[in-house]
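The points below are meant for a colleague who is opening this structure for the first time. Please keep the model in view while reading them.

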Amino acid sequence: MLTLVLFWFGISVPLVFVGGYVGFRKPALEDPVKTNKVPRQIPEQAWYMNPVFSILIGGILPFGAVFVELYFILPSIWLNQFYYMLSFLFLVFIILIITCAEITIVLCYFQLCSEDYLWWWRSYLTSGSSALYVFLYATFYFFTKLEITKLVSVLLYFGCMLIASYAFFVVTGTIGFYACFWFTRLIYSS
């Protein structure tokens with residue numbers, strides 16, 4: 001416990017102050033174009049540009065990129081099997097990053113073309129929605145492959161998979177948001 005406290009005060013606390021110092025001294029981001037203070041009314045959108053529909057559709061492709069790896073990772077976690085394809089897992093992670101960025105940029109471009117300028121949260125939720133499919137696959141895996149009957153074990157499984165899905169949501173959502181942020185700054189600066 002003393003080692004953890006030393007790590008906390010020896011590494012984390014100084015890094016917080018260094019990060020705060022560097023962030024404070026960095027200049028604020030400038031918008032590439034001048035924006036109007038009064039927001040425009042967003043015109044009627046097509047049915048496929050509905051936020052819920054586009055968010056749910058946007059999560060399918062990143063989930064498809066990691067589906068095969070989930071097929072191998074879940075047995076290694078819950079059935080005591082050995083996972084030995086770590087280099088392939090890194091390659092799939094790179095593919096996941098590219099897929100999240102591409103699908104979010106494409107859907108953001110469609111959104112901006114239909115004059116809907118509220119892209120910030122939708123870009124985060126579009127690629128982050130793949131975590132919903134990860135959790136649904138984990139639920140499917142529970143009912144088809146595992147033979148868990150005790151309540152505590154069921155709660156442990158779903159609690160762990162919920163935390164893993166939430167972490168996946170944060171990672172993929174962040175990738176999608178930063179890709180979309182870079183994309184919009186690039187197209188509006190030209």
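1. In the lining of the second largest pocket, α3 is the element that gives the most, with 6 residues, and α3, α4 and α7 each supply at least two. Helices here are DSSP runs of H or I with at least four residues, and strands are runs of E with at least two, numbered from the N terminus. The pocket holds about 310 Å³ of space, and of the 16 residues that line it, Val66, Leu70, Ile73, Leu89 and Phe168 are the closest to its centre. By class the lining divides into 14 nonpolar residues, 1 polar and 1 charged, where Ala, Val, Leu, Ile, Met, Phe, Trp, Tyr, Cys and Pro count as nonpolar, Asp, Glu, Lys and Arg as charged, and the others, Gly among them, as polar.

2. Some notes on method belong here. The model is predicted, with local features needing pLDDT of at least 70 and side-chain atom pairs counting only at pLDDT 80 or more, while totals for chains, interfaces and linings use all residues. Residues are numbered from 1 along each chain as its sequence is written, and side-chain values use heavy atoms, with hydrogens and water left out. Grid points are joined across faces, edges and corners, and a volume is the space filled by probe spheres set on the points.

3. The largest pocket has a volume of about 750 Å³ and is lined by 22 residues, of which Val33, Thr35, Tyr117, Trp119 and Tyr188 lie nearest its centre. The element that gives the most to this lining is α7, with 4 residues. The classes in the lining of the largest pocket are 11 nonpolar, 3 polar and 8 charged residues.

4. Which residues touch the most other members of the largest nonpolar core? In this core of 21 residues they are Phe63, Val66, Leu70, Phe142, Tyr157 and Phe168; a nonpolar core is a set of buried Ala, Val, Leu, Ile, Met, Phe, Trp, Tyr and Cys residues joined through side-chain atoms within 4.5 Å. At least two residues of the core come from each of α3 (60–78), α4 (86–113), α6 (130–144) and α7 (151–189), and α6 gives the most, with 7 residues. Apart from this core lies another, of 6 residues, among them Leu112, Trp119, Phe177 and Cys180.

5. Phe63 is in contact, meaning heavy atoms within 4.5 Å, with Leu70, Ser130, Tyr133, Val134 and Tyr137, leaving aside its neighbours within four places in sequence.

6. A search of the whole structure finds 1 cavity of 30 Å³ or more, and the largest cavity has a volume of about 50 Å³. Its lining consists of Ser54, Thr104, Leu107, Cys108, Gln111, Arg122, Ser123 and Thr126, with α4 and α5 (120–128) as the elements that give two or more residues. The most comes from α4, with 4 residues, and the classes are 2 nonpolar, 5 polar and 1 charged.

7. One of the cavity-lining residues, Ser123, lies in helix α5. Is Ser123 buried or exposed? Ser123 is buried, with a relative accessible area of 3%, where buried means under 20%, exposed over 50% and partly exposed in between, for a 1.4 Å probe and protein chains only. Leaving aside neighbours within four places in sequence, Ser123 is in contact with Thr104, Gly173, Gly176, Phe177 and Cys180.

8. Asn80, in the loop between α3 and α4, has phi near 55 degrees, a positive value in a residue other than glycine, and Asn80 counts as exposed at 73% relative accessibility. Glu115, in the loop between α4 and α5, has a positive phi of about 65 degrees although it is not a glycine, and Glu115 is partly exposed at 41%.

9. The unreviewed UniProt entry annotates "transmembrane region" over residues 52–74, 86–112, 124–143 and 155–184; its positions are given in the numbering used here, feature names are shortened, and annotations may be inferred rather than shown by experiment. Over residues 52–74 the model is 96% helix and 0% strand, with the end C-alpha atoms 29 Å apart. Over residues 124–143 the chain is 95% helix and 0% strand, and the end C-alpha atoms are 30 Å apart.

Methods
On a 1 Å grid over the protein atoms alone, a cavity is a set of points where a 1.4 Å probe fits but cannot get out, and a pocket is an open set with protein on both sides within 12 Å along at least five of seven lines; lining residues have an atom within 4 Å of a point.
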